[in-house]
Structures are given as C-alpha cells and as structure tokens.
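Here's a quick briefing to read with the model open beside you. We'll start at a ligand, then look at the domains around it, and finish with a residue elsewhere.

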Amino acid sequence: MLQFLMSPNFWASVLASTTPVLLATLAANIMTKAGLFNLGIEGTMLICALGGVLTSAFTGSLLMGALVGMLLGIFVSFVLGYFILMMNAPMNACGVAINLAATGGTVFILVMICGSKNNSSSLVSSFFPSVNIPLLQNIPVLGQILSGQNFVTYLSWIFVALCYYMLYHTKLGLNIRAVGENEEAARSAGINVLAMKFIALALCGVFCAFGGMYLSMGSMHFFTAGMVSGRGFLSLAMDAIAQGNPLIGCASSFLYGFSDTITVYLQLYSQLDLQLISAFPYLFILVVLIIIQFVRSRIEKKKQQSQI
Amino acid sequence: MEPILEVRNLTKIYEGGVLANHQINFSVEEGEIHALVGENGAGKSTLMKMLYGMESVTSGQIFVRGKEVTFHSSKDAIAEGIGMVHQHFMLVDSLTGAENMMLGVEGTCFFTDRKGDIKKTQEIAAQYNFEIDAERRVRDMSVGMKQKLEILKILYRGAKILILDEPTAVLTPQETEELFERLKELKEKGMTIIFISHKLKEVKQISDRITILKGGRTGGTYRTADVTEEEISRLMVGRVISFDYDKQKLKPEKELLRVEDLYYKDKFQVMKLGGVSFTLRDKEILGVAGVDGNGQSELISVITAEFRANRGKVYLKGKDVTNASIGEIRAEGLSYIPEDRMLNGCAAPMSVEENMIVSNIDSFANKAKMVNFRKVKEHSLHLIQEFNVKTASEKQPIKSLSGGNIQKAIVAREFSAGSDVLILDQPTRGVDVGAISFIHSKILEMRGEGNGILLVSADLNELISLSDRILVMHKGKIVACLDNTKEKVSEEELGLYMLGIKTQEGVSA
Ligand SMILES: Nc1ncnc2c1ncn2[C@@H]1O[C@H](COP(=O)(O)OP(=O)(O)OP(=O)(O)O)[C@@H](O)[C@H]1O
Ligand SMILES: [Mg+2]
C-alpha cells in the first residue's frame with residue numbers, strides 16, 4: 001500500500017506542495033527575526049494571488065503580473081507596518097484585519113471583474129512555467145524528482161539560501177536580528193530601528209507574494225476564493241518550530257509537504273477511512289514534534305548526567 | 001577654558017506628564033571625571049539619555065565644544081564623540097562580543113567579516129587594557145565582562161565624552177577597583193567622563209567635580225575635594241544617613257532551609273559548587289560573602305530551582321524541594337529577589353501594579369480563580385506608598401520607572417508575599433542611600449517577625465551591618481562561617497577568607 005513512497009512522482013509532488021508553505025514560513029521567519037508577528041500572512045498571500053492573476057490577464061504579461069503581485073505584497077506589509085509601527089496599533093488585531101479584508105475583498109473584486117464568486121477561470125491569465133534543468137533531468141530518479149518543478153519552487157529555494165545568508169552573514173541581517181532581540185540596545189548602537197523593521201516587512205511581503213502567486217499562477221492556473229486555505233497560518237506554526245531560522249523553517253515546511261502529499265496518495269491507494277486520512281498530516285506533524293522534543297530533552301539529560 | 005559639554009535650561013517632560021528634568025544647567029570640562037549624584041528618580045538617567053540622543057529634549061539647549069547641537073538619534077551623538085553606557089545593559093544576548101561591538105558601526109562592506117571583527121575587538125580590548133572574550137556570546141558572559149564590553153563599544157565608536165550610568169552597581173569591589181584604574185588611564189588619554197553612582201565613597205574616590213540632582217533640578221556643582229561624603233548625602237537627601245542599626249537579640253528556634261552537600265557544574269563543565277551545606281533558621285539573617293564567581297549566584301539559582309543540582313539536597317521547612325519547580329517552592333513559602341532586576345525580576349512592559357502581584361496572584365483570586373482587581377489596586381497603591389516607589393500611577397509600565405524605583409517595586413512585592421524564607425541577591429543594588437536604609441530596616445523587620453533571610457551581597461558593609469552569621473564562599477566551597485552577633489566581623493578578616501588566604505577547619509553552618 002505504501003509502495004508509492006518509492007515513486008519519484010510522489011517526491012516531486014511533495015516538493016510542489018511544500019513550496020507555498022515554505023515561502024510563507026520564510027515570511028514568518030523574517031518577521032520573527034525582526035521582532036514582529038504578522039498574523040496577516042494568510043491575507044497578504046491571498047491578495048497577491050489575485051493581484052498577480054488579474055494583472056497578467058489584463059496585460060498579457062507574466063512579468064507584469066509577477067511584478068504587480070510582488071509590489072502588492074510589499075504594499076500590504078507596509079500598510080501593516082504603518083499601523084503597528086507608526087500609529088502604535090496592536091499587531092495581532094491589524095493582522096486579523098488584513099485577513100478579513102483579504103477574504104472579503106478578493107471575492108468582491110472577483111465578482112466585479114469575472115462575474116463569478118468562485119474563481120477567475122473566465123480570464124486567460126499567465127502562469128509560471130515549469131523548468132527542466134539540463135543535465136539534472138537526465139539523472140534517473142533524482143532528475144525526475146528535482147527537475148521539472150515550477151519556476152517558483154526553484155525561486156523559493158534560492159530565497160531560503162539568500163535569506164539565511166542575509167540574516168547570518170551580512171550587516172543588514174545582524175542589524176535586523178539585533179532589532180528583533182533587543183530594540184533598545186539596537187537604538188543605542190545607532191541603528192535605525194524603524195528602517196530595519198520596514199526592510200523586514202518588505203521582504204515578508206515579497207515572500208508572501210510569491211507564495212500566493214504560486215498557488216494561482218503555478219500549481220493552478222486561475223484564482224479561486226480562499227485558495228490559500230490556512231497555509232499562511234500554518235507557516236506561523238512552522239516558524240514557531242524554526243524560531244526564525246530559515247533552514248529549520250525549510251525543513252519543517254518539507255515535513256508539511258510530505259504529510260500533505262501522503263494524504264492525497266492514501267486517498268487514492270488505500271482503503272482507509274477518509275476521515276482518518278484527512279487527519280493524517282496533523283497527526284504526523286504532532287508525532288514528529290513529540291519525537292523532536294523527546295530527543296532534545298534526552299540530549300539535555302545526558303549532558304546533565306555526564307556532569308557529575 | 002570653554003567647557004566641552006554644556007546644557008542650558010534643559011527640561012524633559014515624558015509622555016504622560018512626568019517632569020523628569022526641570023531647567024537643568026550644568027557643564028563638564030574637558031578631561032575631567034564629573035560625577036552626577038541624586039536620589040532614585042532624580043532624573044540622572046533622563047538627563048544623560050538626552051545628551052546621548054536617546055530621549056528627545058522638551059526644551060533647552062545642549063552645547064558640545066561651544067557649538068549648539070540637536071540630536072535626533074544616538075547616531076548624531078556618537079558623531080559628536082559622545083558615548084553612553086546605560087544603567088541596564090544594552091547588549092544583544094544571542095550575539096557574540098565581537099558582533100555586539102560592531103553593531104551599528106557604519107562600514108563600507110555589506111557583508112560581515114567574522115574573523116576581522118574578532119580581531120578588531122581583540123585589538124581595541126588590548127589597546128585599552130580591557131580583558132574580554134570576543135567570541136563568547138553575551139548571554140554567557142559575566143556582568144563584569146558585559147560592563148567592559150559596553151565601555152569598549154563606545155570607545156570603538158570614537159567617543160571622547162563617556163557617559164557611564166551606574167557602571168559600578170553591578171560590579172564587585174574588585175571589579176570596581178579595576179574599572180577605576182581603567183577610567184584613570186582613559187582620563188590621562190584626554191577623555192572626559194561623566195560618572196553616575198549611588199556609592200558616595202566611589203564618587204569621592206574617582207571624581208574631580210560633583211553635580212547634584214534633586215527632584216529633577218540641579219542642586220549645584222562642587223569640587224570633590226571641597227565636600228565630604230556626609231555633606232554630599234545631606235545635599236542629596238536633606239539628612240545624614242547612618243548604617244548602624246541596633247538589632248534585637250533573637251533566638252532562632254526552628255530550621256527553615258537546609259542545604260546538604262550541593263554540587264553543581266555549569267555548562268562549561270566548571271565546578272561551581274563543590275559540596276555546600278548550611279542551615280538557615282528562623283529569626284536570623286545569614287549573609288553570604290565571596291568574591292564574585294565563587295559560586296554564590298549558582299547557589300542561589302540552585303536553591304530557587306532555576307538550575308538543577310548535580311548532587312545534593314535542598315530542604316525547605318523539612319520538605320525535600322531539590323527537584324521542585326519554581327512555582328512549587330514559592331507556594332511552599334520562599335521569596336526571592338534576583339540579582340538582575342530586568343532579566344528575571346520583572347516583566348518590563350507590564351505595569352507596576354501587575355508586577356507587584358505577579359508572584360502571589362492567587363491571593364487576589366476567589367474560588368473561581370477570578371482576580372479581584374479592586375483588591376489588587378489597593379494592595380499595589382499601599383506598597384507604592386509604603387516603599388516610596390516613585391511612579392506617576394500604578395498603571396505605568398514598570399520599565400518607565402527609574403532603575404532604583406524598579407528595584408524598590410520588586411523588593412515591595414517579595415516582602416509582601418508572606419513567605420517565611422527570603423532569598424535576597426543584592427537587594428539594594430542601584431538604590432539611593434535613603435532607600436537603602438529603608439530596605440535595611442525592612443529586612444530587620446522581617447527578621448523580627450520570625451523569617452529566615454539569606455542575604456547575598458557584594459557590599460561588605462551591608463553584610464556586616466545586617467547578618468547574624470556570615471558564610472564565606474571560595475571556589476564553590478564554604479570556607480568559613482563567622483558569628484556576627486556578639487562582635488562585628490571586620491572587613492579585613494572577611495577579605496582574608498574571601499581571597500582564600502584563611503580557611504576555617506571543619507566548617508559547620
Ligand atoms: N519612559 C518614561 N516614561 C515616563 N516616565 C519616565 C520614563 N523614564 C523615566 N521616567 C520618570 O522620570 C523620572 C526620572 O527618572 P530617571 O530614570 O532619570 O531617574 P534616575 O535619577 O536615573 O534614578 P535611578 O537612580 O533610580 O536610576 C522618574 O520619576 C521616572 O519614573
Ligand atoms: Mg538611572
């Protein structure tokens with residue numbers, strides 16, 4: 001029954017379904033490092049998903065769509081930043097407001113433009129292509145898994161690497177981490193705290209934008225209402241595991257991708273109860289978390305005991 | 001000669017209407033060490049933060065080398081050659097010494113240069129004769145090293161005017177001596193230093209001139225040579241304060257806290273406690289003396305359940321609490337004033353009121369666990385008044401209080417929790433002379449009520465004037481237990497034990 005675990009197709013879909021969560025987690029990571037908490041990631045993704053589709057449909061250009069989607073992401077994040085950093089509004093309430101506005105607003109615009117409450121399939125919009133990587137695609141198994149993914153998937157991997165490098169190896173990253181950990185200390189060292197937070201927000205916006213556009217212009221080729229379906233919230237959980245570290249965030253997103261895909265396959269290939277299967281990803285993550293915690297505490301104990 | 005730094009009619013009103021500085025005039029000559037003294041909440045830190053661009057100026061002027069300046073952020077102040085070491089550490093704990101050193105320094109390169117930064121840090125440390133470990137993370141550093149790092153940080157930024165806000169409050173007497181040596185060297189190199197302290201002895205020892213602040217106003221500038229400690233104290237608080245207490249003679253009857261054969265190794269595998277045993281009884285104050293780093297803070301952390309002992313037992317009122325949680329031992333009747341008030345003494349962004357009830361919130365709740373906020377308010381207003389905590393209202397975030405007033409609020413909370421064992425780690429750190437004598441009288445009052453008090457302090461005077469017995473720790477062991485009731489122990493004798501020159505045979509405490 002679990003033979004599909006051996007098939008390259010399965011692993012290729014794992015990578016595909018990891019992508020949007022990975023990008024959202026990255027957005028949450030950078031927020032954590034800058035000492036912010038953005039509940040509005042879900043909504044931001046949704047807005048960008050629609051914005052990208054509509055722009056590309058009207059201009060006929062993928063590039064324009066991607067660009068406008070990205071700018072929308074930055075814009076929404078800056079709106080959040082304006083309220084919480086300049087007007088001292090409560091962070092979580094503003095995040096929720098963005099989510100509510102996005103859920104209602106996207107449907108409203110969808111109806112206005114496409115005449116449908118559900119999706120934008122009446123429009124012809126562009127989408128990000130799949131990319132075959134020369135050489136790699138010729139390697140058996142590995143090529144089937146790693147090559148031929150969507151452009152955004154590769155982009156997300158590059159983002160993870162860049163983001164990690166930026167945070168831990170550049171002055172900008174050092175400043176952002178300092179601001180997130182001890183704002184007063186950073187201010188005292190002459191760092192412009194506000195600027196650092198807005199830079200972090202801009203990056204968060206970009207990551208959200210690609211996460212959203214992957215859904216509407218990558219894995220699917222049109223926008224459907226509420227298509228982010230909790231991935232933005234899930235990313236907050238992934239980030240809680242990663243504590244802002246993009247590499248761990250990447251690993252935990254992969255975990256989600258794996259359990260998400262396995263659910264789909266189980267529905268196809270097993271006679272298990274459907275309800276049970278749909279609970280699987282969450283149970284799986286729970287078990288993995290317990291194991292990680294167990295191992296951690298064992299290591300701690302070992303250390304303590306060896307001290308006597 | 002033109003003063004290097006001068007302020008004219010400087011006034012600061014905080015949001016919420018607190019008048020912290022009113023029409024301050026004062027000037028600092030180039031190359032002097034200028035002390036700034038005043039009671040808790042007199043406005044010393046506020047004045048300094050304005051000079052460093054961390055707080056905005058409400059009205060008035062600042063002149064640096066005769067030129068009027070306005071600072072929008074500390075960056076502007078740094079550019080004018082002003083550097084400040086704050087009352088509470090301004091370091092990022094998870095970063096290394098070198099990374100903290102380079103934080104915010106404008107560089108040409110976008111990327112961090114780990115090796116180069118470490119090298120630069122070591123170079124500057126060597127240049128000024130400061131010993132620090134550039135590669136260690138700040139959270140693993142001792143307070144002494146953190147303080148040195150703070151000073152190096154501002155020197156590296158090219159500061160010529162150094163503002164040090166209570167740098168010695170967290171230092172041991174030995175570290176203070178060392179710091180003073182360094183400060184004198186800096187003075188010889190032509191630096192100007194503004195130095196804040198509540199310890200008048202230090203002020204007398206190191207400064208050239210003294211400016212007194214009282215209730216946000218200047219109370220005059222004096223040449224240090226012209227005034228005595230008593231005079232300074234009178235100018236500050238309006239009366240002379242003595243630390244000679246007449247203690248009632250009390251006879252302990254029962255045992256409250258017993259520690260048996262404790263061993264503890266820290267994460268660097270250094271043996272911090274090597275078999276510590278003692279008993280604390282009721283109606284007594286048991287002092288703990290020792291050069292910093294000889295296991296006192298580890299001992300406290302193990303007793304208060306922050307660290308777990310590798311071996312040994314802790315009994316609280318006869319009950320084994322070696323592996324109990326912090327909540328359990330507090331419920332069992334133990335109160336604790338931690339050494340670092342900002343780190344684990346209070347929740348900085350929360351209000352004074354909330355901070356004052358956090359450790360015994362259950363006593364304000366009814367059966368259904370609903371908190372009675374009227375009672376909370378009454379209680380905190382009562383404490384604010386009794387302990388003379390200067391705050392605009394009980395709803396102020398506690399971090400907006402002056403350092404000494406935060407300490408007083410924490411002391412108030414722990415003393416009113418109704419526990420019968422009190423662990424006090426540097427209870428009078430950073431509070432002014434008036435408040436010190438108040439806290440001391442409170443400690444004696446608690447003793448009179450039958451409580452057992454374990455007092456750790458770097459201030460030998462404090463230990464000698466309060467304790468019934470004094471334990472001396474050296475290299476993780478108790479090397480002496482001195483009776484302080486019949487005849488006062490002398491500082492010299494204490495010193496000999498602390499340095500490990502003398503040890504008692506077969507100490508039993
Ligand atoms: N951010 C703030 N908001 C409101 N009031 C404040 C703030 N910071 C300080 N204050 C108030 O300003 C007054 C002066 O505080 P300041 O910290 O300058 O005192 P200080 O002389 O340094 O005292 P200490 O010796 O205790 O450190 C106090 O009454 C304090 O409560
Ligand atoms: Mg102060």
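Which of the 20 residues around ligand 1 come nearest? They are Lys44(B), Ser45(B), Thr46(B), Ser402(B) and Gly404(B). Keep in mind that this is a predicted model. Here's how the rest of the picture comes together.

**Polar contacts of ligand 1**

- Thr46(B) uses its side chain: an N or O atom there sits 2.5 Å from an oxygen atom of ligand 1.
- Gly404(B) works through its backbone, with a polar atom 2.7 Å from an oxygen atom of the ligand.
- Ser400(B) also brings in a polar backbone atom, this time 3.0 Å from a nitrogen atom of ligand 1.
- On its own, ligand 1 would expose 650 Å², and the protein buries 89% of that.

**What the shell is made of**

- Two elements of chain B give two or more residues to the shell around ligand 1: α1 (44-51) and α14 (403-415).
- The top contributor is α1(B), which supplies three residues.
- Sorted by type, the shell has 11 polar residues, five nonpolar ones and four charged ones.

**Domains of chain B**

- Chain B is assigned three pieces: domain 1 (5-237), domain 2 (245-333 + 419-509) and domain 3 (345-417).
- Why does ligand 1 count as lying between domain 1 and domain 3 of chain B? Both domains give residues to the shell around the ligand, so that's where it lies.
- Taken over C-alpha atoms, the centres of domain 1 and domain 3 of chain B are 30 Å apart.
- The two domains also touch directly: six residues of domain 1 of chain B are in contact with nine residues of domain 3 of chain B.

**A look at Ala202(A)**

- Over in chain A, Ala202(A) belongs to helix α9, which covers residues 193-219.
- Is Ala202(A) buried or exposed? Its relative accessible area is 17%, and the cut-off for buried is under 20%, so Ala202(A) counts as buried.
- Leaving out residues up to four places away in sequence, Ala202(A) touches Ile74(A) and Phe78(A).
- Phe4(A) lies 198 residues from Ala202(A) along the chain, and the C-alpha atoms of the two are separated by 40 Å.

Terms used: Residues are numbered from 1 along each chain as its sequence is written. Chains are lettered from A and ligands numbered from 1 in the order in which they are written. This is a predicted model: local features need pLDDT of at least 70, side-chain atom pairs count only at pLDDT 80 or more; totals for chains, interfaces and linings use all residues. Side-chain values use heavy atoms; hydrogens and water are left out. A residue is near a molecule or strand if one of its heavy atoms lies within 4 Å of it. A polar contact is a pair of N or O atoms within 3.5 Å; within protein, one must be able to donate a hydrogen and the other to accept it, and residues adjacent in sequence count only if both atoms are side-chain atoms. Accessible areas come from the Shrake-Rupley method with a 1.4 Å probe; for residues, only the protein chains shown count as cover. Helices (H or I, at least four residues) and strands (E, at least two) are DSSP runs, numbered from the N terminus. Ala, Val, Leu, Ile, Met, Phe, Trp, Tyr, Cys and Pro count as nonpolar, Asp, Glu, Lys and Arg as charged, and the others, Gly among them, as polar. Domain bounds come from an automatic or database domain assignment. Buried means under 20% relative accessible area, exposed over 50%, partly exposed in between (1.4 Å probe, protein chains only). Contact means heavy atoms within 4.5 Å.
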